[in-house]
Amino acid sequence: MHKKKTFDESILTKPLELGYICGLLASDGYINEKFEYICLALNKQDENTVKYFGELILKEDTFDINYVKNLARITVYSKIFYNYLSSIGITPRKSKTLNIQFNDSFDELSFLLGAIDGDGYVSNREIRIYTASEVFANQLSEKFKGRKYWDNESVFIVSWKGIHAYNLSKLLPLDYSRMN
């Protein structure tokens, strides 16, 4: 029997953490319309990311991570968070229609980092995000292309197949050391 997980509403007032969580869910989350739950399931190798997600979004100090086949998964039931995600464009059946409504409630760069952790990979100094949504890829391109956040090498090249960035480890003041 799994312990009940309680959504921590205070996350909605923390733009850095909220941005990261929204990026994870936009790239690799599952949103259930009927029961209003949110699920993050990543490869077992990324279970630290799933654990960190739980630490950020839940009130409990301890919680269970479910393991199904090769996935580490956490599910949170919250009408409040479900409605928030819907309001910014993270909706059920989002794969090909994802269209994020960027606003001041979450940090854009934290969102990007979460999206990379959700459906991206790092190789040398290149980082990619894959998406089935052409709208989302174009949106990331418009949002981040040509911006110089941390040095002169910060060049974003976005296509439907992914987004590339350089020197991303210097991007955010999140406690990224807790991830893999």
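Analyst: Contact here means heavy atoms within 4.5 Å. The model is predicted, so local features need pLDDT of at least 70 and side-chain atom pairs count only at pLDDT 80 or more, while totals for chains, interfaces and linings use all residues. Residues are numbered from 1 along each chain as its sequence is written, and side-chain values use heavy atoms, with hydrogens and water left out.

User: Which strands does helix 2 lie across?

Analyst: Helices (H or I, at least four residues) and strands (E, at least two) are DSSP runs, numbered from the N terminus. Axes are lines fitted to C-alpha atoms, for helices over the stretch in contact, and angles run from 0 to 180 degrees between N-to-C directions. Helix 2, residues 47-57, lies across strands 2, 3 and 4, and runs at about 15 degrees to strand 4.

User: What is the order of the strands in the sheet?

Analyst: Two strands pair if DSSP finds at least two bridges between them. The four strands form an open sheet in the order 1-2-4-3, with antiparallel pairing. Strand 1 (29-32) and strand 3 (66-68) are the edges, each pairing on one side only. From one strand to the next, the twist averages 30 degrees. Strand 2 (residues 37-43) pairs with strand 4 (residues 71-77) in the antiparallel sense over seven bridges; N43 has L71 in strand 4 as its bridge partner.

User: At what angle do helix 1 and helix 3 pack?

Analyst: Helix 1 (residues 15-28) packs against helix 3 (residues 79-87) at about 75 degrees, with the axes 12 Å apart. Therefore helix 1 is roughly perpendicular to helix 3 (65 to 115 degrees).

User: Which residues of helix 1 and helix 3 meet?

Analyst: From helix 1, L18, I21, C22 and L25 meet F81, Y84 and L85 of helix 3. By class, this contact has seven nonpolar, no polar and no charged residues. Ala, Val, Leu, Ile, Met, Phe, Trp, Tyr, Cys and Pro count as nonpolar, Asp, Glu, Lys and Arg as charged, and the others, Gly among them, as polar.

Terms used: Angles under 35 degrees count as roughly parallel, over 145 as roughly antiparallel, 65 to 115 as roughly perpendicular and the rest as oblique.
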